[in-house]
Amino acid sequence: MARIDLNADLGEGFGVWQLGDDDAMLGIVTSANVACGFHAGDPAGLLRVCRSAAERGVRIGAQVSYRDLAGFGRRFIDVTAEDLLADVVYQIGALQALAQAAGTTVCYVKPHGALYNSIVSHQEQAAAVATAVASVDNSLPVLGITGSVFFDEAARRGLRTVAEAFADRAYRPDGRLVSRREPGAVLDDPTAIAQRVVRMVGSGEVTAVDGTTIGVTVESVCVHGDSPGAVQIATAVREALQVNDIEMGAFC
């Protein structure tokens, strides 16, 4: 039987501003990419998410980002490698303390937003992120896209790399994600998304925006917690995987 991890970005509210339904998503996913305060998330809210994840047996990952609350971490920042390394170390450490207080632990790292996309090809920043993770704990796996320079840099430092695919994001023919600024970048049909994920997991294929079929390597599937209808999408994906005898389970 095939086995796949289902992850979502959670803890992305801030103060009175709430984004997504974290509690509902934690009843569906097997791993939670929890914000660390740089693109979203306040300490009290993040502690609540960590406690809820611990109660449900959902694994926690540190979702590290550029320092960009105003832009939700979706803007490229030309930060120095030294500063980025320190920022990533700081974020992992902060979330690890919150997770420990909640009776659990951070067991992987996933970059967020613009940082995630930038380190597909930005060697200096990819090296800084990989070095930061290894400096904190070289047993922490990292989530990313196969073929990225981030995975190359992570492998050089002995980090385990976990290939991720996106349930609700459109792909370019080169295997990268379509920019959110372009029409059709974010998908919203739960049934179509669920069928797409089953194909990704079962056949290692997905249809790109130009209609071509491209290969994808996937050990973990992401459903964005801030997407409209995120709970319905995640539910449809989970049910479709179960119907097709694909077991769900965390990779760490």
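Okay, Asp245: at 52% relative accessibility this residue counts as exposed, where exposed means over 50% relative accessible area, buried means under 20%, and partly exposed is in between, using a 1.4 Å probe and protein chains only. Asp245 sits in the loop between helix H8 (230–243) and strand E10 (247–248). Helices (H or I, at least four residues) and strands (E, at least two) are DSSP runs, numbered from the N terminus. Asp245 also has a positive phi of about 55°, although it is not a glycine.

Quick housekeeping. This is a predicted model, so local features need pLDDT of at least 70 and side-chain atom pairs count only at pLDDT 80 or more, while totals for chains, interfaces and linings use all residues. Residues are numbered from 1 along each chain as its sequence is written, and side-chain values use heavy atoms, with hydrogens and water left out.

Now Phe72. Here too we have a positive phi of about 55° on a residue that is not a glycine. Phe72 is in the loop between E3 and H3, and at 11% relative accessibility Phe72 counts as buried.

On to the aromatics. How many aromatic pairs does a search of the whole structure find? It finds 5. Rings of Phe, Tyr and Trp (its six-membered ring) pair if their centres lie within 6.5 Å; planes under 30 degrees apart count as stacked, over 60 as edge-to-face, and the rest as tilted. One of the pairs is Tyr66 with Phe76: the centres are 6.0 Å apart and the planes are at 90°, so this is edge-to-face. Tyr66 and Phe76 are both in the loop between strand E3 (59–64) and helix H3 (81–101), 10 residues apart. Tyr66 is buried at 2% relative accessibility, whereas Phe76 is partly exposed at 44%.

Then there's Tyr116 with Phe166, with centres 5.5 Å apart and planes at 85°, so edge-to-face. Tyr116 is in helix H4 (residues 113–118) and Phe166 in strand E6 (residues 161–166), so the pair ties together parts 50 residues apart in sequence. Tyr116 is buried at 6% relative accessible area, and Phe166 is buried at 3%.

H3 and helix H5 (residues 123–136) pack at about 40°, with their axes 8 Å apart; axes are lines fitted to C-alpha atoms, for helices over the stretch in contact, and angles run from 0 to 180 degrees between N-to-C directions.
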